[in-house]
Amino acid sequence: MAQALDIERWNLECEYNNMDHRTDLNGTDRLIVRRGQPFSISLYLRSGTYQPGLSSLECVAETGPQPSEQYGTRASFGLSANIDTSRWSAAVTSPPGDMVALSICSAPDAPIGRYTMTLGRSGRIEFILLFNPWCPGDSVYMDNQQSLAEYVLSQDGIIFQGSHGHPIPTPWNFGQFESGILDICLRVLDMNPRCLNNPGKDCSGRRNPIYVSRVLSAMVNCNDDRGVLLGKWTDGYEGGVSPMFWRGSVEILRNWSTQACQPVRYGQCWVFAAVACSISRALGIPCRVVTNYLSAHDTNSNLVIETYIDENGDLIRSREMIWNYHCWVESWMTRPDLKPDFNGWQASDPTPQEKSEGVYCCGPVPVRAIKEGELTFKYDAPFVFAEVNADVTSFMKKKDGSISKVTYTTTVGQKISTKSVGSDAREDITHLYKYPEGSDEEREAFRKANHQNKLLQQQQNQGLHVAIKVTSDMKKGCDFDVYAVVTNNTQSEKKCRLVFGSCAVSYNGFLGGNCGFKDLLNVELSPGGGESPCDVYTWPPHALDLSFNYIVYVLLERRVPLRLNYSKYGGLITEDNLIRLAVLLLDYSTKETILTVRNIVLENPEIKVRILGEPKENRKLAAEITLQNPLPEPLENCCFSIEGANLTGGCVISEKLGSPVGPGEDAKVKIYFTPTHFGLRKLVVDFDSNKLCHVKGYRNVIIGK
């Protein structure tokens, strides 16, 4: 008869196990392991010894408030000769004696979360179980080590903002392994309404990364629940802070937890996405933040965005908009609920825009389903498809109440971007969402999606063409010119009215004050293009040499400059640093109206960071941080702040300047910090003042042992 082991005490070997399971950055004071991978504990017997084939040990693993074998939240198993990594199992790996080395393995599809495990009659241990993207049996398995280092283990990253013409890399501290963050992430799951209504079923659902990702998409915003962030896009940020204030997820998650799960004020799309990425990585789901430039917000699922302008070309606000950019996340997992070939990256969007199944959430939907036009696939494929593929139709509302169609050509879904693996460079992943424009594959995807507007769309307006051109000196604080360029490709002279306007705009399309305006009532365009007489130049551009063969170009275009002065735009632009340029051209002969729009982003000054001292673990360092004031006026209330995973102790360290910084002068501080772990780390820097708000910078620091 088998003799049950009489256990007196045990050692969870947390340091060894956590390192082996790549959870040691969470700390080694408790057991944190990944599913489908064995871990070892030491058992010390009160009496007797372990005898192979004669000794027994009944183990019961439970998670959640209502554990049951029916829901998969309770598992009973005994000793086996060898570990079976396909299910819950245990095996002794030590020789006979009064100390037993016990190897335990969870099922690769076990629900994640907090577990208690009873060992016989007297043993009871606790541990946290996470998804395991290193385990081939786990549905989040990823077989590339460099990608795993980036999408699971990296605690910092880059989020792309700016415009499609000028993507701006912004550093972010994900901080998923900082002290207390994993517990907060598990609390986010526990506070979701599904868990509060039926905790047993919800905990069972945590075996499935599809379910967990969908819960996170809802819980990162607070529109239906006690979620993490409250979004705000208009009318100031009273009662909270600007979304530009945040440098990372750690402070947001800690604030939510310490404030009794009251929403943190405020977030916008990149903040929602970054927090969702932090939680996903903390739980073991490979995740990355994605930016879609010229992103459509389609409210009625017809794949068409209808925009309206007034007679000056200014946008009239409506629910359907084109955002300058929009951020969401992609998570890596299999999709056994769908037909084959749709595993891999799944898009989900925690920014509250439209309801899905009665809740403000979106996804996950396979990125490949968007590319192929498979809009019946779960979840929310039509909304994401529209974000990158919607057609745009524009109308002009005139003062007399009449409405006329405007010729307006724009392509939504441009330069879809994410941080590259192993570097801070931008990786363009547009090809994962869309086939090349005009290709047979694109037409087939549109046919599947029933996107008739795109299929029937033909090239319009071969006659008049309007473009907006800019120069490279568009820096905040400078005066500069932008140009409307008009070309007449018809065989007849054209007389037109040209309206060239500019105004401040937020990244999601809210218009601000006028930054510059020009209305030309009588613009004459010669046939075949250009003004008369035409400008002529040669190539190559050097002095005439009769022995040289020249190509002569005739400039067949009309350029209209618009001067943008800091004295006017400086007090109007938002923290997004965006100005909307719009050219409206009215052809008097045909009554056709052509609209061209371009958003430009003004560059902030560079933050320079110099590390003083030899970067080593647990050795105090100083960061000398400098920013030159580019504005023609003083900067007041200047403050530098830094944070970085394993660099600043999980805190934000700030240093204020005691006096104003004049035009052209340097704002400079020295901030001390002590790294706690070796490796490549990112020190994220924020500069704030009365006139330059939340300028971001960073410095990669290699910490030695």
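**Ground rules.** I number residues from 1 along each chain as its sequence is written. The model is predicted, so local features need pLDDT of at least 70 and side-chain atom pairs count only at pLDDT 80 or more, while totals for chains, interfaces and linings use all residues; side-chain values use heavy atoms, with hydrogens and water left out.

**Cavities.** I searched the whole structure and got three cavities of 30 Å³ or more. A cavity here is a set of points, on a 1 Å grid over the protein atoms alone, where a 1.4 Å probe fits but cannot get out. Volume is the space filled by probe spheres set on the points, with grid points joined across faces, edges and corners. The largest cavity holds about 70 Å³.

Which residues line the largest cavity? I listed Glu-150, Tyr-151, Gly-157, Ile-158, Phe-174, Arg-281, Arg-288, Val-289, Thr-418 and Lys-419, where lining means having an atom within 4 Å of a point. Helix H2 (145-153) and strands E12 (156-163), E16 (287-297) and E26 (414-419) each give two or more residues to that lining. Helices (H or I, at least four residues) and strands (E, at least two) are DSSP runs, numbered from the N terminus.

**Domain 2 against domain 4.** The chain splits into domain 1 (3-130), domain 2 (145-451), domain 3 (464-601) and domain 4 (607-703), with bounds from an automatic or database domain assignment. I looked at domains 2 and 4, whose C-alpha centres are 30 Å apart. The buried area is about 1,500 Å², with 53% from carbon and sulfur atoms; that is the accessible area (1.4 Å probe) the two parts lose on being put together, summed over both. On the domain 2 side, Asp-156, Pro-171 and Arg-247 supply 38% of the area buried against domain 4, more than any other three residues.

I also found three salt bridges across this interface, each a side-chain nitrogen of Lys or Arg within 4 Å of a carboxyl oxygen of Asp or Glu. Separately, I noted that Lys-682 and Asp-156 meet in a salt bridge at 3.7 Å, N to O.

Most residues other than glycine have a negative phi, and most peptide bonds are trans. Arg-265 to Tyr-266 is cis, omega near 10°, and Tyr-266 sits in strand E15 (residues 264-267). Lys-378 to Tyr-379 is cis too, omega about -5°; Tyr-379 is in the loop between helix H9 (367-372) and helix H10 (381-389). Lys-591 has a positive phi of about 65°, in the loop between strand E35 (578-587) and strand E36 (593-601).

**Salt bridges overall.** How many does the structure hold? I get 33 salt bridges. One I looked up is Lys-339 with Glu-374, closest N and O atoms 3.7 Å apart. This pair links distant parts of the chain, 35 residues apart: Lys-339 is in the loop between strand E19 (321-333) and strand E20 (344-348), Glu-374 in the loop between H9 and H10.

Technical notes:
1 Å grid on protein atoms, 1.4 Å probe; cavity = no way out; pocket = protein on both sides within 12 Å on 5 of 7 lines; lining within 4 Å.
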